[in-house]
Amino acid sequence: MTVAPPPTRSLTDSFGRRITYLRLSVTDRCDLRCRYCMSEAMTFLPRAEVLTIEELADVAEAFIARGVTKIRLTGGEPLIRRGAPTLARMIGRHIGQGLDELTLTTNGTQLVRQSADLFAAGIRRINVSLDSCDPDRFRLITRWGKVEEVLEGIAAAKAAGLHVKINMVALKGLNEDEIEPMLRWCAAEGHDLTLIETMPLGSIDEDRTDRYLPLDAVQRRLAERFTLTPLDDRTGGPARYHRVEELGARIGLITPLTQNFCAGCNRVRVTASGRLYLCLGHDDRVDLKAALREGGRPALDALLDGAMAIKPLKHAFRIDRRADAPAVARHMSVTGG
Ligand code: SAM
Ligand code: SF4
(Lines give C-alpha, C1' and ligand atoms only; values in the text may rest on other atoms or scores of the structure.)
(Ligands and ions follow the chains in the order given, each with its own letter.)
Protein backbone atom coordinates (compact mmCIF):
# COMPACT_ATOMS: atom_id res chain seq x y z
CA MET A 1 0.00 0.00 0.00
CA THR A 2 1.31 3.43 -0.94
CA VAL A 3 0.91 6.57 1.13
CA ALA A 4 -1.65 8.90 -0.46
CA PRO A 5 -0.16 12.08 -1.92
CA PRO A 6 -1.28 15.45 -0.49
CA PRO A 7 -4.70 16.52 -1.81
CA THR A 8 -4.63 18.41 -5.05
CA ARG A 9 -8.36 18.77 -5.63
CA SER A 10 -10.56 19.03 -2.58
CA LEU A 11 -14.16 17.86 -2.57
CA THR A 12 -16.65 20.73 -2.49
CA ASP A 13 -20.39 20.33 -3.01
CA SER A 14 -22.64 22.60 -5.04
CA PHE A 15 -23.46 24.66 -1.93
CA GLY A 16 -19.79 25.41 -1.33
CA ARG A 17 -19.42 22.99 1.58
CA ARG A 18 -16.03 21.32 1.72
CA ILE A 19 -16.16 17.60 2.46
CA THR A 20 -13.50 16.68 4.99
CA TYR A 21 -15.16 13.91 6.97
CA LEU A 22 -15.89 10.34 5.83
CA ARG A 23 -17.89 7.81 7.79
CA LEU A 24 -16.93 4.41 6.53
CA SER A 25 -19.09 1.41 7.33
CA VAL A 26 -17.02 -1.70 7.97
CA THR A 27 -20.05 -4.01 7.98
CA ASP A 28 -23.83 -3.65 8.16
CA ARG A 29 -24.01 -6.63 10.53
CA CYS A 30 -24.36 -6.32 14.26
CA ASP A 31 -24.28 -8.49 17.36
CA LEU A 32 -27.09 -6.43 18.95
CA ARG A 33 -30.54 -5.40 17.73
CA CYS A 34 -31.24 -2.02 19.31
CA ARG A 35 -34.98 -1.43 19.03
CA TYR A 36 -34.73 2.09 17.59
CA CYS A 37 -32.11 0.98 15.04
CA MET A 38 -33.32 -2.29 13.52
CA SER A 39 -35.97 -4.97 13.79
CA GLU A 40 -35.24 -8.26 15.48
CA ALA A 41 -35.45 -10.04 12.11
CA MET A 42 -33.14 -7.60 10.34
CA THR A 43 -31.68 -8.91 7.09
CA PHE A 44 -28.08 -8.13 6.19
CA LEU A 45 -26.14 -7.74 2.97
CA PRO A 46 -25.00 -10.96 1.29
CA ARG A 47 -21.28 -11.30 2.01
CA ALA A 48 -20.43 -11.20 -1.71
CA GLU A 49 -21.73 -7.63 -1.89
CA VAL A 50 -19.48 -6.36 0.85
CA LEU A 51 -16.18 -4.67 -0.01
CA THR A 52 -13.04 -6.49 1.04
CA ILE A 53 -10.86 -4.94 3.72
CA GLU A 54 -8.38 -3.91 1.02
CA GLU A 55 -11.15 -2.27 -1.01
CA LEU A 56 -12.36 -0.38 2.06
CA ALA A 57 -8.80 0.85 2.62
CA ASP A 58 -8.64 1.88 -1.07
CA VAL A 59 -11.83 3.90 -0.66
CA ALA A 60 -10.43 5.57 2.45
CA GLU A 61 -7.21 6.44 0.62
CA ALA A 62 -9.13 7.89 -2.33
CA PHE A 63 -10.94 10.24 0.05
CA ILE A 64 -7.78 11.19 1.91
CA ALA A 65 -6.18 12.04 -1.43
CA ARG A 66 -9.11 14.43 -2.03
CA GLY A 67 -8.78 16.29 1.24
CA VAL A 68 -10.71 14.21 3.75
CA THR A 69 -8.95 14.70 7.07
CA LYS A 70 -11.18 12.72 9.40
CA ILE A 71 -12.47 9.17 9.00
CA ARG A 72 -14.81 7.39 11.36
CA LEU A 73 -15.16 3.61 11.15
CA THR A 74 -18.72 2.57 11.88
CA GLY A 75 -21.42 0.13 10.86
CA GLY A 76 -23.35 -2.01 11.87
CA GLU A 77 -20.91 -3.02 14.53
CA PRO A 78 -17.48 -2.39 13.00
CA LEU A 79 -15.58 -4.50 15.52
CA ILE A 80 -17.40 -7.75 14.75
CA ARG A 81 -15.75 -7.89 11.33
CA ARG A 82 -12.61 -10.00 11.59
CA GLY A 83 -10.54 -7.62 9.46
CA ALA A 84 -11.48 -4.50 11.44
CA PRO A 85 -8.11 -4.13 13.25
CA THR A 86 -6.28 -4.64 9.93
CA LEU A 87 -8.41 -1.97 8.29
CA ALA A 88 -7.77 0.40 11.19
CA ARG A 89 -4.04 -0.19 10.80
CA MET A 90 -4.15 0.34 7.02
CA ILE A 91 -6.01 3.63 7.36
CA GLY A 92 -4.12 4.64 10.50
CA ARG A 93 -0.88 4.76 8.49
CA HIS A 94 -2.17 7.95 6.89
CA ILE A 95 -2.45 9.83 10.16
CA GLY A 96 -0.18 12.83 9.87
CA GLN A 97 0.04 12.26 6.10
CA GLY A 98 -3.20 13.91 5.03
CA LEU A 99 -5.39 12.28 7.64
CA ASP A 100 -5.73 14.16 10.94
CA GLU A 101 -7.83 11.65 12.79
CA LEU A 102 -9.17 8.11 12.60
CA THR A 103 -12.04 7.41 14.98
CA LEU A 104 -14.60 4.71 15.58
CA THR A 105 -18.19 4.32 16.71
CA THR A 106 -18.91 1.04 18.46
CA ASN A 107 -21.42 -0.63 20.70
CA GLY A 108 -18.50 -1.61 22.92
CA THR A 109 -19.06 -5.38 23.06
CA GLN A 110 -15.64 -6.18 21.56
CA LEU A 111 -13.57 -3.51 23.29
CA VAL A 112 -12.09 -5.76 25.96
CA ARG A 113 -10.33 -7.71 23.22
CA GLN A 114 -9.66 -4.96 20.71
CA SER A 115 -8.86 -1.68 22.51
CA ALA A 116 -5.08 -2.19 22.47
CA ASP A 117 -5.14 -2.92 18.70
CA LEU A 118 -7.21 0.18 18.05
CA PHE A 119 -4.76 2.33 19.97
CA ALA A 120 -1.85 0.74 18.14
CA ALA A 121 -3.55 1.59 14.84
CA GLY A 122 -3.50 5.28 15.79
CA ILE A 123 -7.06 5.68 17.05
CA ARG A 124 -7.23 7.99 20.08
CA ARG A 125 -10.92 8.78 20.46
CA ILE A 126 -13.91 6.47 20.18
CA ASN A 127 -17.66 6.83 20.58
CA VAL A 128 -19.36 4.07 22.51
CA SER A 129 -23.13 3.69 22.38
CA LEU A 130 -24.64 3.15 25.79
CA ASP A 131 -28.33 3.85 26.12
CA SER A 132 -28.67 2.55 29.67
CA CYS A 133 -26.40 1.41 32.49
CA ASP A 134 -29.14 -0.75 33.96
CA PRO A 135 -28.70 -4.41 32.96
CA ASP A 136 -32.43 -5.11 32.42
CA ARG A 137 -33.07 -1.91 30.52
CA PHE A 138 -29.96 -2.40 28.42
CA ARG A 139 -31.18 -5.87 27.51
CA LEU A 140 -34.62 -4.51 26.71
CA ILE A 141 -33.25 -1.79 24.41
CA THR A 142 -30.64 -3.97 22.66
CA ARG A 143 -32.84 -7.12 22.81
CA TRP A 144 -30.07 -9.31 24.25
CA GLY A 145 -27.02 -7.17 25.07
CA LYS A 146 -25.15 -7.48 28.37
CA VAL A 147 -24.32 -4.08 29.80
CA GLU A 148 -21.45 -5.52 31.90
CA GLU A 149 -19.64 -6.44 28.67
CA VAL A 150 -19.90 -2.88 27.42
CA LEU A 151 -18.88 -1.34 30.75
CA GLU A 152 -15.85 -3.63 30.89
CA GLY A 153 -15.11 -2.67 27.29
CA ILE A 154 -15.24 1.02 28.14
CA ALA A 155 -12.86 0.47 31.07
CA ALA A 156 -10.49 -1.46 28.78
CA ALA A 157 -10.60 1.32 26.20
CA LYS A 158 -9.77 3.89 28.85
CA ALA A 159 -6.93 1.72 30.17
CA ALA A 160 -5.57 1.39 26.61
CA GLY A 161 -5.40 5.19 26.33
CA LEU A 162 -8.52 5.78 24.24
CA HIS A 163 -10.67 8.82 25.01
CA VAL A 164 -14.28 7.65 25.21
CA LYS A 165 -17.38 9.63 24.36
CA ILE A 166 -20.70 8.02 25.24
CA ASN A 167 -23.56 8.19 22.72
CA MET A 168 -27.01 7.84 24.21
CA VAL A 169 -30.15 7.86 22.08
CA ALA A 170 -32.82 9.63 24.13
CA LEU A 171 -35.88 7.39 24.23
CA LYS A 172 -39.18 8.48 25.76
CA GLY A 173 -40.31 6.11 28.49
CA LEU A 174 -37.24 3.90 28.05
CA ASN A 175 -34.22 5.81 29.27
CA GLU A 176 -35.27 9.43 29.78
CA ASP A 177 -34.99 9.04 33.56
CA GLU A 178 -31.39 7.86 33.08
CA ILE A 179 -30.15 10.98 31.31
CA GLU A 180 -29.10 12.80 34.46
CA PRO A 181 -27.56 9.70 36.12
CA MET A 182 -25.72 8.98 32.86
CA LEU A 183 -24.41 12.54 32.79
CA ARG A 184 -23.17 12.21 36.38
CA TRP A 185 -21.58 8.83 35.63
CA CYS A 186 -19.84 10.21 32.52
CA ALA A 187 -18.59 13.22 34.50
CA ALA A 188 -17.18 10.93 37.19
CA GLU A 189 -15.51 8.67 34.61
CA GLY A 190 -14.16 11.52 32.47
CA HIS A 191 -16.29 10.73 29.41
CA ASP A 192 -18.16 13.28 27.32
CA LEU A 193 -21.82 12.45 26.75
CA THR A 194 -23.75 13.02 23.53
CA LEU A 195 -27.52 12.69 23.44
CA ILE A 196 -29.11 11.83 20.10
CA GLU A 197 -32.69 12.23 18.88
CA THR A 198 -34.11 9.07 17.37
CA MET A 199 -34.22 9.44 13.58
CA PRO A 200 -36.74 7.94 11.13
CA LEU A 201 -34.34 5.61 9.33
CA GLY A 202 -35.53 2.17 8.24
CA SER A 203 -38.45 0.09 9.48
CA ILE A 204 -38.33 -1.26 13.00
CA ASP A 205 -40.78 -3.38 14.98
CA GLU A 206 -42.36 -0.42 16.77
CA ASP A 207 -43.57 3.11 16.13
CA ARG A 208 -40.70 5.55 16.62
CA THR A 209 -43.15 8.30 17.49
CA ASP A 210 -43.79 6.52 20.79
CA ARG A 211 -40.13 6.81 21.75
CA TYR A 212 -39.26 10.18 20.26
CA LEU A 213 -37.92 12.54 22.90
CA PRO A 214 -37.20 16.07 21.61
CA LEU A 215 -33.87 17.18 23.01
CA ASP A 216 -34.87 20.82 23.33
CA ALA A 217 -37.16 19.69 26.17
CA VAL A 218 -34.36 17.58 27.70
CA GLN A 219 -32.02 20.56 27.53
CA ARG A 220 -34.57 22.78 29.29
CA ARG A 221 -34.98 20.17 32.02
CA LEU A 222 -31.21 19.85 32.49
CA ALA A 223 -30.89 23.63 32.58
CA GLU A 224 -33.19 23.70 35.64
CA ARG A 225 -30.65 21.55 37.51
CA PHE A 226 -27.34 22.62 36.02
CA THR A 227 -25.64 25.63 34.48
CA LEU A 228 -25.18 24.79 30.80
CA THR A 229 -22.64 27.02 29.09
CA PRO A 230 -22.69 26.76 25.28
CA LEU A 231 -19.28 25.87 23.84
CA ASP A 232 -17.90 26.58 20.41
CA ASP A 233 -16.21 23.18 20.26
CA ARG A 234 -17.07 21.18 17.19
CA THR A 235 -15.48 17.81 16.69
CA GLY A 236 -16.27 17.79 12.99
CA GLY A 237 -19.67 16.23 13.68
CA PRO A 238 -23.19 17.55 14.13
CA ALA A 239 -23.24 17.80 17.96
CA ARG A 240 -23.64 21.15 19.75
CA TYR A 241 -21.74 21.12 23.05
CA HIS A 242 -22.36 22.64 26.45
CA ARG A 243 -20.26 22.60 29.57
CA VAL A 244 -22.15 21.39 32.62
CA GLU A 245 -20.51 23.73 35.09
CA GLU A 246 -21.45 21.94 38.33
CA LEU A 247 -20.03 18.63 37.05
CA GLY A 248 -17.14 19.94 34.97
CA ALA A 249 -18.50 17.73 32.17
CA ARG A 250 -19.31 18.27 28.51
CA ILE A 251 -22.63 17.33 26.96
CA GLY A 252 -23.35 17.25 23.24
CA LEU A 253 -26.78 17.32 21.64
CA ILE A 254 -27.50 15.88 18.20
CA THR A 255 -30.84 17.34 17.19
CA PRO A 256 -31.72 16.49 13.60
CA LEU A 257 -35.41 16.92 14.36
CA THR A 258 -35.58 19.94 16.66
CA GLN A 259 -32.64 21.90 15.25
CA ASN A 260 -31.41 21.16 11.78
CA PHE A 261 -27.60 21.13 11.51
CA CYS A 262 -27.16 20.63 7.77
CA ALA A 263 -25.85 24.09 6.86
CA GLY A 264 -22.36 23.21 8.06
CA CYS A 265 -22.37 19.63 6.79
CA ASN A 266 -18.88 18.40 5.94
CA ARG A 267 -19.69 14.68 5.82
CA VAL A 268 -20.35 11.83 3.45
CA ARG A 269 -20.85 8.14 4.17
CA VAL A 270 -19.74 4.98 2.42
CA THR A 271 -21.57 1.72 3.11
CA ALA A 272 -19.86 -1.64 3.48
CA SER A 273 -21.07 -2.42 -0.06
CA GLY A 274 -19.31 0.64 -1.43
CA ARG A 275 -22.26 2.96 -1.92
CA LEU A 276 -21.40 6.59 -1.31
CA TYR A 277 -24.37 8.34 0.30
CA LEU A 278 -24.22 12.09 0.22
CA CYS A 279 -26.74 12.59 3.05
CA LEU A 280 -28.02 10.37 5.85
CA GLY A 281 -31.54 11.57 5.07
CA HIS A 282 -31.66 11.09 1.29
CA ASP A 283 -31.22 8.29 -1.21
CA ASP A 284 -28.78 10.13 -3.50
CA ARG A 285 -25.79 7.85 -3.94
CA VAL A 286 -23.11 6.62 -6.28
CA ASP A 287 -21.73 3.11 -6.55
CA LEU A 288 -18.04 3.18 -5.75
CA LYS A 289 -17.73 -0.60 -5.77
CA ALA A 290 -18.52 -0.97 -9.48
CA ALA A 291 -16.14 1.88 -10.32
CA LEU A 292 -13.36 0.47 -8.15
CA ARG A 293 -13.73 -3.09 -9.47
CA GLU A 294 -14.03 -2.08 -13.11
CA GLY A 295 -11.76 0.97 -13.38
CA GLY A 296 -9.64 0.97 -10.24
CA ARG A 297 -8.72 4.10 -8.27
CA PRO A 298 -8.88 6.54 -11.26
CA ALA A 299 -12.50 5.55 -11.95
CA LEU A 300 -13.37 5.86 -8.27
CA ASP A 301 -11.72 9.26 -8.09
CA ALA A 302 -13.63 10.50 -11.13
CA LEU A 303 -16.91 9.46 -9.50
CA LEU A 304 -16.25 11.59 -6.44
CA ASP A 305 -16.55 14.82 -8.44
CA GLY A 306 -19.91 13.78 -9.89
CA ALA A 307 -21.04 12.82 -6.41
CA MET A 308 -20.39 16.30 -5.05
CA ALA A 309 -22.89 17.73 -7.51
CA ILE A 310 -25.75 15.68 -6.06
CA LYS A 311 -25.19 16.26 -2.34
CA PRO A 312 -28.54 17.60 -1.08
CA LEU A 313 -28.80 20.82 0.92
CA LYS A 314 -30.44 19.18 3.93
CA HIS A 315 -32.33 16.20 5.23
CA ALA A 316 -36.11 16.31 5.62
CA PHE A 317 -36.61 14.20 8.73
CA ARG A 318 -39.95 14.34 10.44
CA ILE A 319 -41.33 12.16 13.18
CA ASP A 320 -45.02 12.25 13.08
CA ARG A 321 -47.89 9.78 13.27
CA ARG A 322 -49.21 10.94 9.91
CA ALA A 323 -46.00 9.77 8.29
CA ASP A 324 -46.68 6.05 7.91
CA ALA A 325 -43.19 5.21 6.61
CA PRO A 326 -39.74 6.21 7.79
CA ALA A 327 -38.25 9.23 5.98
CA VAL A 328 -35.55 6.96 4.59
CA ALA A 329 -35.96 3.21 4.07
CA ARG A 330 -32.29 2.61 4.79
CA HIS A 331 -31.36 1.84 8.39
CA MET A 332 -28.67 3.85 10.16
CA SER A 333 -26.77 0.57 10.50
CA VAL A 334 -26.58 0.29 6.70
CA THR A 335 -25.49 3.85 5.96
CA GLY A 336 -23.10 3.98 8.88
CA GLY A 337 -24.10 6.11 11.87
N1 SAM B 1 -22.98 -0.29 16.24
C2 SAM B 1 -22.29 0.90 16.54
C3 SAM B 1 -22.94 1.65 17.67
O4 SAM B 1 -24.06 1.30 18.03
O5 SAM B 1 -22.33 2.57 18.18
C6 SAM B 1 -22.09 1.82 15.36
C7 SAM B 1 -23.21 1.99 14.41
S8 SAM B 1 -24.67 2.74 15.08
C9 SAM B 1 -25.73 2.75 13.68
C10 SAM B 1 -24.14 4.42 15.27
C11 SAM B 1 -24.98 5.29 16.16
O12 SAM B 1 -26.24 5.45 15.57
C13 SAM B 1 -25.23 4.72 17.55
O14 SAM B 1 -24.89 5.70 18.52
C15 SAM B 1 -26.70 4.45 17.56
O16 SAM B 1 -27.24 4.62 18.84
C17 SAM B 1 -27.22 5.46 16.58
N18 SAM B 1 -28.50 5.12 15.93
C19 SAM B 1 -28.86 3.98 15.32
N20 SAM B 1 -30.10 4.08 14.79
C21 SAM B 1 -30.53 5.32 15.09
C22 SAM B 1 -31.72 6.05 14.82
N23 SAM B 1 -32.73 5.51 14.12
N24 SAM B 1 -31.82 7.32 15.27
C25 SAM B 1 -30.79 7.88 15.96
N26 SAM B 1 -29.64 7.25 16.25
C27 SAM B 1 -29.51 5.99 15.81
FE1 SF4 C 1 -26.14 -2.51 16.31
FE2 SF4 C 1 -25.32 -0.02 16.71
FE3 SF4 C 1 -27.69 -0.51 15.53
FE4 SF4 C 1 -27.41 -1.06 18.10
S5 SF4 C 1 -27.27 0.98 17.15
S6 SF4 C 1 -28.32 -2.41 16.55
S7 SF4 C 1 -25.34 -1.69 18.23
S8 SF4 C 1 -25.71 -0.99 14.71
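Reader: At roughly how many degrees do the axes of helix 1 and helix 2 cross?

Author: Two packed helices are described by the angle between their axes and the distance between the axes. This is a predicted model. In it, the axes of helix 1 (residues 53–65) and helix 2 (residues 84–92) cross at roughly 30 degrees and come within 10 Å.

Reader: Are helix 1 and helix 2 roughly parallel or roughly antiparallel?

Author: Angles under 35 degrees count as roughly parallel, so helix 1 and helix 2 are roughly parallel to each other. The crossing of helix 1 past helix 2 is right-handed.

Reader: Which residues make the contact?

Author: From helix 1 come Ile 53, Glu 54, Leu 56, Ala 57 and Ala 60. Helix 2 contributes Ala 84, Thr 86, Leu 87, Met 90 and Ile 91.

Reader: Now the ligands. How many residues surround ligand 1?

Author: Ligand 1 has 20 residues around it, and the closest are Tyr 36, Gly 76, Thr 106, Ser 129 and Met 199.

Reader: Where are the polar atoms that lie 2.5 Å and 3.2 Å from an oxygen atom of ligand 1?

Author: At 2.5 Å there is an N or O atom in the side chain of Ser 129. At 3.2 Å there is a polar backbone atom of Thr 106. Asn 167 also places a polar side-chain atom 3.4 Å from an oxygen atom of ligand 1.

Reader: What surrounds ligand 2?

Author: The surrounding residues are Cys 30, Leu 32, Arg 33, Cys 34, Cys 37, Met 38, Gly 76, Asn 107 and Ser 333. This shell divides into five nonpolar, three polar and one charged.

Note on methods:
Residues numbered from 1 in each chain as written. Chains lettered and ligands numbered in written order. Predicted model: local features only at pLDDT ≥ 70, side-chain atom pairs only at ≥ 80, totals over all residues. Heavy atoms only, no water. Axes fitted to C-alpha atoms, helices over the stretch in contact; angles between N-to-C directions. Helix = DSSP H or I, 4+ residues; strand = E, 2+ residues; numbered from the N terminus. Parallel < 35°, antiparallel > 145°, perpendicular 65-115°, else oblique. Left-handed = near helix turned anticlockwise from the far one by under 90°. Contact = heavy atoms within 4.5 Å. Near = heavy atom within 4 Å. Polar contact = N/O pair within 3.5 Å; in protein donor to acceptor, adjacent residues only side chain to side chain. Nonpolar A, V, L, I, M, F, W, Y, C, P; charged D, E, K, R; others polar.
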